[in-house]
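Try each task before you read its solution.

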Amino acid sequence: NSKIKYHVTTGYLGDHRFPLVRDSSQKIRERLMGNGATHILAFLDENSADDPRWQTGHHLTQKDYTFLLEKVLNEPWLGLVIKPKLPRTLRRRLEEVSELLRQAEATGRCYVFEAQENAPAQGWNTPAEAALVSDITIHGDLAAATAGVESALAGVPTLLHDPLGWPTSPLYELGLGTTVFTDWESLWGACRQQWSEPQGVPGFGDWTPVLDDLDPFRDGRAAERMGNYVH
């Protein structure tokens with residue numbers, strides 16, 4: 001019953017950035033590997049709110065980071081790159097978990113995209129820049145999915161962490177237990193299996209079934225199409 005009479009399909013408007021960030025992503029990857037990382041995860045958090053009535057509360061964000069940071073500290077082969085949705089507030093939101101983050105960074109195998117001076121709230125770095133550092137990207141939750149979409153369009157196997165349970169999301173079509181996970185233990189177990197299988201796990205982090213719906217072009221020219229349409 002929408003009043004909108006048509007849609008204009010442009011593709012993903014940020015896709016022109018993918019080749020622009022590959023070099024910087026590769027440098028970060030080499031730094032993590034130089035400190036012993038043989039497998040690298042990227043984590044894209046979806047922010048949290050001081051008042052959990054209106055958005056995911058900090059306690060859930062702290063739980064997410066605690067799990068991943070403890071893995072970095074306990075597994076000397078694991079690297080982690082973090083792209084917070086709001087990097088300027090990350091350490092405040094983590095509270096005491098920020099000490100775990102400091103310890104993980106001290107290993108040289110954990111990298112955080114920090115807030116830059118004069119940057120917008122979400123920073124200048126894109127989800128793709130973090131994803132392209134990694135072997136596997138983890139999108140924080142299904143309250144929104146844009147960061148995960150960007151990672152998948154950049155060609156990186158991308159997992160969706162859905163701790164609150166949103167099975168009506170069409171992204172569940174990607175497969176519960178292969179791309180969508182509702183708890184950290186099963187997600188971690190799937191990553192370990194992926195790394196141990198010579199051919200990998202079938203369907204693991206594979207968004208192929210929905211890519212045509214998300215962006216039928218995937219040619220880096222979406223912003224050009226939007227500009228042409230607006231003109």
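This is a predicted model: local features need pLDDT of at least 70, side-chain atom pairs count only at pLDDT 80 or more; totals for chains, interfaces and linings use all residues.

Residues are numbered from 1 along each chain as its sequence is written, and side-chain values use heavy atoms, with hydrogens and water left out.

**Exercise 1.** Find out how many salt bridges there are.

Solution. Start with the rule: a side-chain nitrogen of Lys or Arg has to sit within 4 Å of a carboxyl oxygen of Asp or Glu. Apply that and you get 13 salt bridges. One of them joins aspartate 212 and arginine 218, at 3.1 Å from N to O.

**Exercise 2.** Work out which parts of the chain the salt bridge between arginine 92 and aspartate 50 ties together.

Solution. First, check the distance: the closest N and O atoms are 3.1 Å apart. Arginine 92 is in helix H3 (residues 90-94), while aspartate 50 is in the loop between strand E1 (39-44) and helix H2 (58-74), so the bridge ties together parts 42 residues apart in sequence. Here helices (H or I, at least four residues) and strands (E, at least two) are DSSP runs, numbered from the N terminus.

**Exercise 3.** Is aspartate 50 buried or exposed, and what about arginine 91?

Solution. Buried means under 20% relative accessible area, exposed over 50%, and partly exposed in between (1.4 Å probe, protein chains only). Aspartate 50 has 56%, so aspartate 50 is exposed. Arginine 91, at 32%, is partly exposed.
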